[in-house]
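Here is a guided walk through a protein model. Keep the sequence and the 3D view open as you read.

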Amino acid sequence: MLAVSDVIQNNRLARLYARAFELDSPTVEELAVGLESSTTTVYEDVKHLVDIGLLERVTETQPHRYRASRVDLTIQADGETFRITPILLVALAERQTNENINLYLDRHGVSGLATAIEYARAYTQSKMNARIMAREQEIPVLEAETILQELQEIILDAEPDISTSLDIDELDAAVDDRLDE
Amino acid sequence: MSAQLFPSVESHIIDANLFIRFERHDTVDLLERAVTEHDVVLLLPTRVYEELTPDSYPYGTPPVEAAIDAGWVQILEEVDYSNSVVSATMDMVRQYISVATDRPEHTIEQADAEVGGAVATLLEHGQTESIAIYTNDIPAFRGIERALSQHGHEDSVQLVKAFDFVESVEARYQFQG
């Protein structure tokens, strides 16, 4: 029996999830287009992902359509605790085609990437910069900025409603409060 | 008539995020063309130069050295920490970064405000009167802008949002062969 934690080790399953996420509510046939696996394998993989709750069947009749669950789980695997989110699974799925994500995973593992996603979400909202991430995660600024930018693109794609504009007046007021103290 | 790519200012200073964006997109050559065609030189604070060229780095690094050799990027002299406007600017930037990132002020280092320090140094030393700052670090820019306007340099800096600039350069030069 597969567990959610297995998906992070299995790039084929991560790519299937990412494709379902991208396509909204595809059928298995639609999912199979562009994936290297045979349709039979895709059927089996879809069944696995449904069993562990990463895909939801959204139709009552054939052909069934599947939706990527907006998963938000904290799990423990290989002695590490980290948060599984759609962004993490989409980022893992890009490993094969994105050299920067692949290198980051080699150096910092899945939990490192999951942490970077939290920084990237704040970065996307102008609430984080690479220098602070670099210091807190003990990595070079260049590496921090690079992964923040990679992940930012995924986040903006996956969460188009995320607020990216900073309220300057609010920021000014908060700084003024601080200076008055 | 197309929109202006570079604002009409005397100097242009860049943050690390701009160069890294072009490097990631593999379009540093387009940046070089845009810069040289417009007779612009991009100024790089010393600290930012160091950030872009770390020792023992496992990935490729952006071609900063080549850009410096070719003359379209220039490293700035050290920030003049002894100048009171420079240090006031850097303190203000640290406040903005601290508030925006929700980190205690003491954890924000002077080095985090280096771009602001470099800008203030140029203005205070009379090396320029107007500077465009290319960054996506909006809180830091706001800190620079506010501190400088409080110290006699009103309207001397303007923000060029780094990622919008990258898009503009790529859109203009990408398909020109």
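**A salt bridge between two chains**

In this predicted model, the side chains of A:Arg131 and B:Asp15 meet in a salt bridge, with 2.6 Å from N to O. The term has a rule: a side-chain nitrogen of Lys or Arg lies within 4 Å of a carboxyl oxygen of Asp or Glu. This pair crosses between chains. A:Arg131 sits in helix α7 (residues 130–137) of chain A, and B:Asp15 sits in the loop between β1 (11–14) and α1 (16–24) of chain B. Helices (H or I, at least four residues) and strands (E, at least two) are DSSP runs, numbered from the N terminus.

A word on the ground rules. Residues are numbered from 1 along each chain as its sequence is written, while chains are lettered from A and ligands numbered from 1 in the order in which they are written. The model is predicted, with local features needing pLDDT of at least 70, side-chain atom pairs counting only at pLDDT 80 or more, and totals for chains, interfaces and linings using all residues; side-chain values use heavy atoms, with hydrogens and water left out.

Now look at the whole interface. How many salt bridges does the rule find across the interface of chain B and chain A? It finds 11. Over all chains, the structure holds 23. Another pair to find is B:Glu109 with A:Arg135. Their side chains meet in a salt bridge of 3.5 Å, N to O.

Next, count the contacts, meaning heavy atoms within 4.5 Å. Chain B puts 38 residues in contact with 33 residues of chain A. Between them the two chains bury about 3,100 Å², and 54% of that is on carbon and sulfur atoms. Buried area is the accessible area (1.4 Å probe) that two parts lose on being put together, summed over both. Three residues stand out on the chain B side: B:Arg24, B:Tyr59 and B:Val99. They supply 21% of the area that chain B buries against chain A, more than any other three residues.

Helix α9 (residues 168–180) of chain A and helix α5 (residues 84–101) of chain B have axes that come within 10 Å and cross at roughly 115 degrees. Axes are lines fitted to C-alpha atoms, for helices over the stretch in contact, and angles run from 0 to 180 degrees between N-to-C directions. α9(A) and α5(B) are therefore roughly perpendicular to each other. The cut-offs are these: under 35 degrees is roughly parallel, over 145 roughly antiparallel, 65 to 115 roughly perpendicular, and the rest oblique. Ala, Val, Leu, Ile, Met, Phe, Trp, Tyr, Cys and Pro count as nonpolar, Asp, Glu, Lys and Arg as charged, and the others, Gly among them, as polar.

From the N terminus on, they run α-α-α-α-β-β-β-β-α-α-α-α-α. The C-alpha trace of chain A spans about 65 × 35 × 25 Å along its principal axes.

Helix α2 (residues 11–23) and helix α4 (residues 39–51) of chain A pack at about 80 degrees, with axes 10 Å apart. These two are therefore roughly perpendicular to each other. Helix α5 (residues 86–93) and helix α6 (residues 99–124) of chain A cross at roughly 150 degrees, their axes coming within 10 Å. α5(A) and α6(A) are therefore roughly antiparallel to each other. Among the residues that meet here are A:Ile87 and A:Leu88 in α5(A) and A:Ile101 and A:Leu105 in α6(A). The contact of α5(A) with α6(A) has 10 nonpolar, no polar and one charged residues.

Finish with the backbone. A cis peptide bond joins A:Gln62 and A:Pro63, with omega about -15 degrees. A:Pro63 is in the loop between β1 (55–57) and β2 (66–68) of chain A.
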